[in-house]
Structures are given as C-alpha cells and as structure tokens.
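Reader: I would like to go through a structure with you, step by step. Could we begin once it is on the screen?

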Amino acid sequence: AYEMLRSLVGSEMCIRDSIMPCNTAFISQNTTSCGNILFTNQSAGAAPITYAWNFGDPGSSINNSSSVQNPSHQFSACGSFRVCLKITGRDGCMDSTCQTVTYQDQVKPIITCPKDLILPCNSGVNPSSTGFATATDNCMSTAVIGISFSDLLSGSLSCNATFTRTWVATDACKNASSCVQMIKIKDSLPPIIKCPQNISVQCTADTNPSTTGTATATDDCTI
C-alpha cells in the first residue's frame with residue numbers, strides 16, 4: 001500500500017511514498033496419512049502478491065512447484081523435504097522462507113499368504129508350484145511393495161517333512177508385515193514289492209534267496 005503524504009510549503013509540494021515490506025510465512029498440515037499436505041500461506045505484502053512454491057520433492061516431477069496461494073502437495077515418498085515459498089509484492093518487494101516437512105507412513109501393508117498344502121513326496125515346493133503371497137497398502141500401489149520369503153525345514157526329506165514358509169511384505173516406507181504358509185511333504189504310499197518267480201526244487205536243493213531269487217521293491221519316494 002502506498003501512503004501519500006502531501007504538504008504544501010510555499011509553492012512546493014512534497015510527496016513521500018511508504019512501501020509495505022514483504023514478509024513470507026506459511027504453515028502446513030496433513031490432510032491424509034499418505035503424504036498429502038496442505039500449505040496455508042500467511043505472508044504479508046502489497047497486493048497483488050505472486051507465489052512461487054518449491055516442495056523439494058523432485059520425485060513428484062511437474063507437481064514439485066506451484067503458484068497457488070494455498071496449495072496442497074502429494075509427496076512421492078516418505079522422508080523429510082525442504083519446502084520453500086517465495087513471494088513478490090506489487091511494489092517489487094521479495095521475500096522467501098523454507099521449512100522442513102516430514103512425511104512418514106506408519107501403516108503396515110496387508111499381506112495374504114497362499115493356502116497351506118499337504119503334498120506327496122518329490123513335489124516341487126518353489127512358489128511357482130505352491131503359490132505366492134500378495135499384499136496391499138493403504139498408501140502405495142502393489143508395484144512398490146516388496147515381497148520375500150524364508151523357509152524353515154523340519155522333519156526328513158523326502159519322507160515326511162514340513163516347510164514353515166514365512167512371507168514378508170515391505171512397503172516403500174519400510175513398514176513390514178508377515179504371514180506363515182505351512183507346506184507338508186507326506187509319504188502315505190507303501191513301496192511296491194515284486195517277488196521272485198515261483199519255482200520247484202528238489203528236497204535237498206539250496207533254498208537260500210541267493211539261489212531261489214530275491215524280492216525287489218520300488219517306492220514313489222526317494223531318500
């Protein structure tokens with residue numbers, strides 16, 4: 001605003017302009033738990049004022065800046081960001097300020113394990129055969145959720161064994177959740193035995209299996 005003070009001294013008129021200084025300020029608040037933050041301008045200066053925001057978030061691409069008076073911004077990842085506002089008043093005065101804004105998602109993803117299985121021996125136990133865990137997140141797409149697993153083996157392969165498979169889902173903010181899938185390997189079939197052929201021998205003949213033949217057997221499982 002201009003304050004015009006005029007006084008007549010003789011035939012002279014004196015004009016004095018008073019220029020309003022610029023003072024930049026803003027506050028921020030979360031609008032969701034997923035990094036959408038509203039910035040409220042509290043700056044002062046001679047209207048009209050132009051605003052130049054930089055959210056310090058290059059991962060948000062073209063959305064990293066704004067000229068809106070009270071913008072909101074969706075941050076692209078968890079972490080701390082240096083947000084700056086520069087204003088320019090009508091009379092050309094300029095001022096700027098920066099604040100550190102932190103976005104931290106603390107909600108774990110929701111993980112769903114494949115169903116528990118009981119398999120015959122010699123079955124494949126890779127996830128391509130036994131199933132993969134899936135996960136969803138309150139803030140992020142499934143594409144950025146990492147899913148891994150680890151196995152604890154008990155019992156004896158390949159007769160009777162149990163794989164305790166722990167699946168872990170981790171989102172981009174390092175929140176993690178887990179579930180357990182049980183995979184049991186069970187040999188429930190007896191071996192298949194084949195006897196030597198029937199024979200007739202003299203009463204004094206040798207009847208040891210080395211002479212009369214030995215049974216053989218096969219099994220669906222290997223140890």
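Author: Let us begin with Asp 151, which forms a salt bridge with Arg 165, their closest N and O atoms being 2.7 Å apart. A salt bridge here is a side-chain nitrogen of Lys or Arg within 4 Å of a carboxyl oxygen of Asp or Glu.

Reader: Where in the chain do Asp 151 and Arg 165 sit?

Author: Asp 151 is in strand 13 (residues 146-156) and Arg 165 is in strand 14 (residues 160-170), so the pair links distant parts of the chain, 14 residues apart. Strands (E, at least two residues) and helices (H or I, at least four) are DSSP runs, numbered from the N terminus.

Reader: Before we continue, what kind of model is this, and how are residues numbered?

Author: This is a predicted model, in which local features need pLDDT of at least 70 and side-chain atom pairs count only at pLDDT 80 or more, while totals for chains, interfaces and linings use all residues. Residues are numbered from 1 along each chain as its sequence is written, and side-chain values use heavy atoms, with hydrogens and water left out.

Reader: How many salt bridges are there by this rule?

Author: The count comes to one salt bridge.

Reader: And is Arg 165 buried or exposed?

Author: Arg 165 counts as buried, at 1% relative accessibility, whereas Asp 151 is partly exposed, with a relative accessible area of 38%. Buried means under 20% relative accessible area, exposed means over 50%, and partly exposed lies in between (1.4 Å probe, protein chains only).

Reader: Now to the cysteines. How many disulfides are counted?

Author: Five disulfides are counted, a disulfide being a pair of cysteine sulfur atoms within 2.5 Å. One of them joins Cys 22 and Cys 93, with the sulfur atoms 1.8 Å apart.

Reader: Why is that one called right-handed?

Author: The disulfide of Cys 22 and Cys 93 is right-handed because the torsion about its S-S bond is about 60°. Cys 22 lies in the loop between strand 2 (12-16) and strand 3, and Cys 93 in the loop between strand 8 (79-88) and strand 9 (94-103), so the pair ties together parts that are 71 residues apart in sequence. Cys 22 counts as buried at 14% relative accessibility, and Cys 93 does so at 17%.

Reader: What about Cys 84?

Author: Cys 84 is joined to Cys 98 by a disulfide, S to S 1.9 Å. Cys 84 is in strand 8 and Cys 98 in strand 9, 14 residues apart. Their link is right-handed, with 105° about the S-S bond.

Reader: Which partner does Cys 113 have?

Author: Cys 113 forms a disulfide with Cys 179, the sulfur atoms being 2.0 Å apart. Cys 113 lies in the loop between strand 10 (110-112) and strand 11 (117-119) and Cys 179 in strand 15 (residues 176-186), so the pair ties together parts that are 66 residues apart in sequence. Both Cys 113 and Cys 179 are buried.

Reader: Over how many bridges do strand 4 and strand 7 pair?

Author: Strand 4 (residues 36-41) and strand 7 pair over three bridges, in the antiparallel sense. Ile 37 stands opposite His 73 in strand 7.

Terms used. Two strands pair if DSSP finds at least two bridges between them.
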